Amino acid sequence: MQAALAQDSAGGELLYRALAEAIGQKITDGQLPRGARLPSERILAEELGIARGTVRQAIDELVERCMLERKRGSGTHVAQRFEKSLTHLTGFSEEMRQRGMVPGFRWLGREKGLPSYAEAAALEIPATATVLRLRRLRSADDTPIAIEQTVVPAEFLPSPDLIEDSLYAALRTRNATPVRGWQRIRADIMSASEAELMQASPGAPMLVVERRCLIADGRPVELTETRYNGAYYDFSTGLQA
């Protein structure tokens, strides 16, 4: 970090931007893991031999970029960001476990009923068919990060009580594993009720993923809208020329 600052100073660039980039690189490389607490501004300033105001500017920039977060009474921490691949079909619980995190959820609603016209069309079922409509607050290591609403034809999953923590695990036990699908991503902002659930501020950014998945024989099994807290999530995909 000190080397980066020295090079930046020699080039005449703003010192606080060099510090922000050095800290940001350590976060990206995993040297500063999610949730890690940074030394205080005073200690960083003394260790690096720079003004405390410069350290504060660097931290302010990283807070604006959602890489750091200030917690009242406990200092500055690396933000709990998650990277989600757009090229692999995995359920939320499996995805969190692959990252060494503990997935969790809280039911916001679960009911049986008739599909809407749009749901029946997307799931390719009659308007008289029965569906499960499931709404959950999803969390990782007890941090609420997404609101998920899923519609599943009852022929594949007759009761929400069959879900322990993972919808996909429940579907697998009934030979209805999703194997392919399509998804669309759009931006939105949190309503007051969503912000309260996700411990955020109304109007905070969200990433909304709408997903439709099929089982091996081509029948649609899942229609899901997941509203992710934009402060925690990055989406990644591969590119090829």
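Figure 1. Strands (E, at least two residues) and helices (H or I, at least four) are DSSP runs, numbered from the N terminus, and two strands pair if DSSP finds at least two bridges between them. As for the model itself, residues are numbered from 1 along each chain as its sequence is written, and side-chain values use heavy atoms, with hydrogens and water left out. Because the model is predicted, local features need pLDDT of at least 70 and side-chain atom pairs count only at pLDDT 80 or more, while totals for chains, interfaces and linings use all residues.

**Figure 2. Strand 7 beside strand 8.** Strand 7 and strand 8 run antiparallel and are joined by ten bridges.

Figure 3. Strand 1 (residues 68–71) pairs with strand 2 (residues 75–78) in the antiparallel sense, over four bridges. L68 stands opposite V78, and E69 stands opposite H77. Three residues lie between the two strands of this hairpin, and G73 in the turn has a positive phi of about 90°.

**Figure 4. Helix 3 crossing helix 4.** The axes of helix 3 (residues 41–48) and helix 4 (residues 52–64) come within 8 Å and cross at roughly 115°; axes are lines fitted to C-alpha atoms, for helices over the stretch in contact, and angles run from 0 to 180 degrees between N-to-C directions. Here E41, R42, L44 and A45 of helix 3 meet R52, V55, R56 and I59 of helix 4, where contact means heavy atoms within 4.5 Å. The residues of this contact divide into four nonpolar, no polar and four charged (Ala, Val, Leu, Ile, Met, Phe, Trp, Tyr, Cys and Pro count as nonpolar, Asp, Glu, Lys and Arg as charged, and the others, Gly among them, as polar).

**Figure 5. The lining of the largest cavity.** A cavity is a set of points on a 1 Å grid over the protein atoms alone where a 1.4 Å probe fits but cannot get out, and lining residues have an atom within 4 Å of a point. The largest cavity is lined by 23 residues, with G91, F92, E148, R211 and E222 nearest its centre. Strand 9 gives the largest share of this lining, five residues. By class, the lining has five nonpolar, eight polar and ten charged residues.

Note on methods. 1 Å grid on protein atoms, 1.4 Å probe; cavity = no way out; pocket = protein on both sides within 12 Å on 5 of 7 lines; lining within 4 Å.
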